[in-house]
Amino acid sequence: MSTTETILSGAVQPLTQLTEDEQMLRDATAEFAQQEITPRILEMDEKAALDPELVKSFFEMGLMGIEIPEEMGGAGGTFFMSIVAIEQISKVDASVGVFMDVQNTLVNNAFLRYGSKELQESYLPRLASEAVGAYCLSETSSGSDAFALKSTAVKEGNGYRLNGAKLWITNANEADIFIVFANAKPEDGYKGITAFVVERDMEGFSVSKKEDKLGIRASSTCEVRLENVFVPEENILGEFGKGYKVAIETLNEGRIGIGAQMVGLAQGAYEAALAYVQERKQFGKKVSDFQSVQFQLAQMATDIEMARLLVYNAARIKEAGDPFLKEAAMAKYYGSEVAERVASMAVDLFGGNGFVKEYPVEKFYRDAKIGKIYEGTSNMQLQTIAKLILS
């Protein structure tokens, strides 16, 4: 059977086609976002803080533990389901989208993949029901160069003393559970880096400066300080000296989540612009009647669909257990490009109204910029893609 015959026979399903369970989650999440997030968007953006009641609602909806097994209090879902949910939340507010994204694709995934049975039993039920998680890798000297970190872990008795400072930590204000990367054997370079599970109430641990950001303002981004924090040896996540592996592999999955966040944001900006140009009149007719505007809308819709296909493809490949590094980098890179471009075009289509906070596209535009920066800059994604296609 030829490729054309295979497609016409229905043997090949579109990447955007969802299973019944995925559709149900998508629809429930979209409804939740409209009802619970929409009324809070402006206030949370102005206050630069998530509403604590909204955080509770996320746990009640099961959105903070999508992949955590049901026996541990989670939803027992799949990675792809997390991606679908992140997209729907980000369509309404990308600040809230990254809040649940970090929980699911970084923190929960790290415990599920690398946590001992004891760590999983101790922390996953809490992460599913009440505890927000944060992922502490970046420092002043280690951004794109993630393994240039200076935080140290010194052996003491049956544990380690952690010292250092972590920067740009998402969810730091809300989190109770932190995955902290520190070097327990600096003489071995990156092979000394180890991942530790740290709790907020541990002596010497503190959340300090909160960044005043351009976009995703409701999402907390803070500095975390470690001053002789004692962490028991059993709180090592994964193997000693293999923290670099935990970081690399969880960030690869996280980049698909960022891609989903950017696709959702772009979809939200596009839908806002689409509705506006069909209502707004100039020169005696609707703005959408002008061919130049129609072409812009067509370009936006096409860009979003291409980005969504890349994100869904990366998520499906990851779920199949196949290598997905290149696909994740492409999804994150292209998704962030599309989000910024579509949000900018949406502002243009709103005209002067697009430049004021009364209308939603101004916030979509500010929120889009971070997509090219966190969890691996666009240049780092291009470097990864180039390396893999040339290998």
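Reply: Happy to. Let us start with what a pocket is: on a 1 Å grid over the protein atoms alone, a pocket is an open set of points with protein on both sides within 12 Å along at least five of seven lines, while a cavity is a set where a 1.4 Å probe fits but cannot get out; lining residues have an atom within 4 Å of a point. This is a predicted model, in which local features need pLDDT of at least 70 and side-chain atom pairs count only at pLDDT 80 or more, whereas totals for chains, interfaces and linings use all residues. Residues are numbered from 1 along each chain as its sequence is written, and side-chain values use heavy atoms, with hydrogens and water left out.

The lining of the largest pocket is made of 38 residues, and Gly143, Leu251, Arg255, Glu375 and Gly376 are the ones nearest its centre. Two or more lining residues come from each of α6 (94-114), β3 (159-170), α8 (243-279) and α12 (378-390). These names follow DSSP runs, numbered from the N terminus: helices are H or I with at least four residues, strands are E with at least two. Helix α12 gives the largest share, 6 residues. By type, the lining holds 20 nonpolar, 12 polar and 6 charged residues. Here Ala, Val, Leu, Ile, Met, Phe, Trp, Tyr, Cys and Pro count as nonpolar, Asp, Glu, Lys and Arg as charged, and the others, Gly among them, as polar. The volume of this pocket is about 1200 Å³, where a volume is the space filled by probe spheres set on the grid points, which are joined across faces, edges and corners.

Helix α11 supplies the largest share, 5 residues. Its lining divides into 8 nonpolar, 3 polar and 11 charged residues.

A nonpolar core is a set of buried Ala, Val, Leu, Ile, Met, Phe, Trp, Tyr and Cys residues joined through side-chain atoms within 4.5 Å, and buried means under 20% relative accessible area, exposed over 50%, partly exposed in between (1.4 Å probe, protein chains only). This core has 123 residues, and Phe58 is one of those with the most contacts inside it.

Phe58 is also among the buried residues of helix α4 (residues 52-60), together with Leu54, Val55, Ser57 and Phe59. Beyond four places in sequence, Phe58 touches residues including Phe32, Ile37, Ile89 and Phe99; contact means heavy atoms within 4.5 Å. The cover over the buried residues of α4 includes α2 (20-37), α5 and α6.

Gln103 is buried, with a relative accessible area of 0%. Its side chain reaches the backbone oxygen of Ala131 at 3.1 Å, a polar contact (a pair of N or O atoms within 3.5 Å; within protein, one must be able to donate a hydrogen and the other to accept it, and residues adjacent in sequence count only if both atoms are side-chain atoms).
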